[in-house]
Amino acid sequence: MTQEDGELDSLVRKRIRALRVAQGWSLAELATRAHLSQSSLSRIENGRRRLALDQLVTLARALDTTLDQLVETAADDIVTSPMIDAAHGLMRWPVKGDPGMSVVRQRMTEPPPDNPARMRAHPGREWLVVLSGTATLMLGHRRFRVEANQAAEFPTMMPHAIGAEGGPCEILGIFDRDARRGHQREGAAPEIRGADG
């Protein structure tokens with residue numbers, strides 16, 4: 001076994017124990033869920049038993065994770081630089097662990113549109129937090145004031161728009177795959193659309 005293999009082996013064992021403890025389960029509880037004996041599980045966690053692929057698959061399922069997540073190692077590309085759309089005051093980062101997700105930071109200066117025809121609806125969910133200033137979130141016929149450090153989460157099938165209230169604001173949004181695609185299909189460069197998008 002190489003040093004790298006030994007490090008991965010140790011990491012997987014620590015993850016199994018950490019995930020078990022995080023669930024609040026005893027060795028006996030996880031052993032029952034994974035169809036293993038308690039002594040086998042104890043030896044796996046303590047490095048006194050070889051890690052077998054079939055047992056790792058069973059343990060991953062019992063711990064509500066995947067085999068990939070159980071054995072993944074740190075990538076070299078931990079730090080990501082944003083893609084910048086200066087024309088729309090937008091920065092976007094893909095979420096590497098879930099390629100369908102995007103994180104977007106946008107500066108807004110205009111209020112949301114008053115005309116409901118300019119609001120959009122599409123599949124997905126969006127989450128946003130106001131980093132500075134105050135934003136107005138229009139959802140259907142309702143109007144929400146979202147201040148700095150407050151967050152909003154909503155289904156995007158509801159017609160929606162967001163904009164600044166009383167001066168510029170800065171938003172950080174997280175979009176699932178469907179919400180991101182909905183914005184792209186509508187041909188909008190910014191991910192969060194207000195009157196200036």
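Me: Strands count as paired if DSSP finds at least two bridges between them. What makes E6-E5-E8 an open sheet, and in which sense do the strands pair?

Reply: This is a predicted model, in which local features need pLDDT of at least 70 and side-chain atom pairs count only at pLDDT 80 or more, while totals for chains, interfaces and linings use all residues. Residues are numbered from 1 along each chain as its sequence is written, and side-chain values use heavy atoms, leaving out hydrogens and water. Helices (H or I, at least four residues) and strands (E, at least two) are DSSP runs numbered from the N terminus. The three strands stand in the order E6-E5-E8, with antiparallel pairing. Strand E6 (142-147) and strand E8 (160-164) are at the edges with a single partner strand each, so one side of each has no neighbour in the sheet. On average, neighbouring strands of this sheet are turned by 20° against each other, direction ignored; the axes are lines fitted to C-alpha atoms, for helices over the stretch in contact, and angles run from 0 to 180 degrees between N-to-C directions.

Me: How do you know that E5 and E6 pair, and over how many bridges?

Reply: Strand E5 (residues 134-139) is joined to E6 over six bridges, in the antiparallel sense. Against the requirement of at least two, the two strands therefore count as paired.

Me: Which strands are joined to E9, and by how many bridges?

Reply: Strand E3 (residues 102-108) is joined to E9 by seven bridges and runs antiparallel to E9. Strand E4 (residues 125-132) is also antiparallel to E9, with six bridges. Met-108 is opposite Cys-169 in E9, and Ser-132 is opposite Glu-170 in E9.

Me: Why is strand E9 called mostly covered?

Reply: Buried means under 20% relative accessible area, exposed over 50%, and partly exposed in between (1.4 Å probe, protein chains only). Five of the seven residues of E9 (residues 169-175) are buried.

Me: Why is the contact between Arg-20 and Glu-45 called a salt bridge?

Reply: The term requires a side-chain nitrogen of Lys or Arg within 4 Å of a carboxyl oxygen of Asp or Glu. The N to O distance is 2.7 Å, so the pair meets the definition.

Me: How do you know whether Arg-20 and Glu-45 are buried or exposed?

Reply: Arg-20 has a relative accessible area of 8%, so it is buried. Glu-45 is at 11% and is therefore buried too. In H3, the buried residues are Ser-40, Leu-41, Ser-42, Ile-44 and Glu-45.

Me: Which other salt bridges are there?

Reply: The structure holds six. Among them, Arg-13 pairs with Asp-9, their closest N and O atoms being 2.6 Å apart. Both lie in helix H1, four residues apart, about one turn of the helix, and both are buried. Arg-145 pairs with Glu-147 at 2.4 Å between the closest N and O atoms, and a network of salt bridges links Arg-145, Glu-147 and Glu-165. Glu-147 has 35% relative accessibility, so it counts as partly exposed.

Me: What makes a nonpolar core, and which residues have the most contacts inside the largest one?

Reply: A core is a set of buried Ala, Val, Leu, Ile, Met, Phe, Trp, Tyr and Cys residues joined through side-chain atoms within 4.5 Å. The largest has 16 residues, and Ile-16, Leu-30 and Leu-59 have the most contacts inside it. Helices H1 (3-23), H2 (27-33), H3 (38-46) and H4 (53-62) each give two or more residues to this core. H4 supplies the largest share, four residues. Contact means heavy atoms within 4.5 Å. Leaving aside residues up to four places away in sequence, Leu-30 touches Ile-16, Arg-20, Trp-25, Leu-41, Leu-59, Ala-62 and Leu-63. A second, separate core of 13 residues includes Met-108, Leu-128, Ala-152 and Ala-164.

Me: How do you know where the buried residues of H4 lie?

Reply: Those residues are Gln-55, Leu-56, Leu-59, Ala-60 and Ala-62. Seen down the axis of H4, they fall within an arc of 160°, so they line one face of the helix; the arc is that of the directions from the helix axis to the C-beta atoms. The face turned away from this buried side carries the exposed residues Leu-53, Asp-54 and Arg-61. After H4 comes Asp-64, with a positive phi near 60°.
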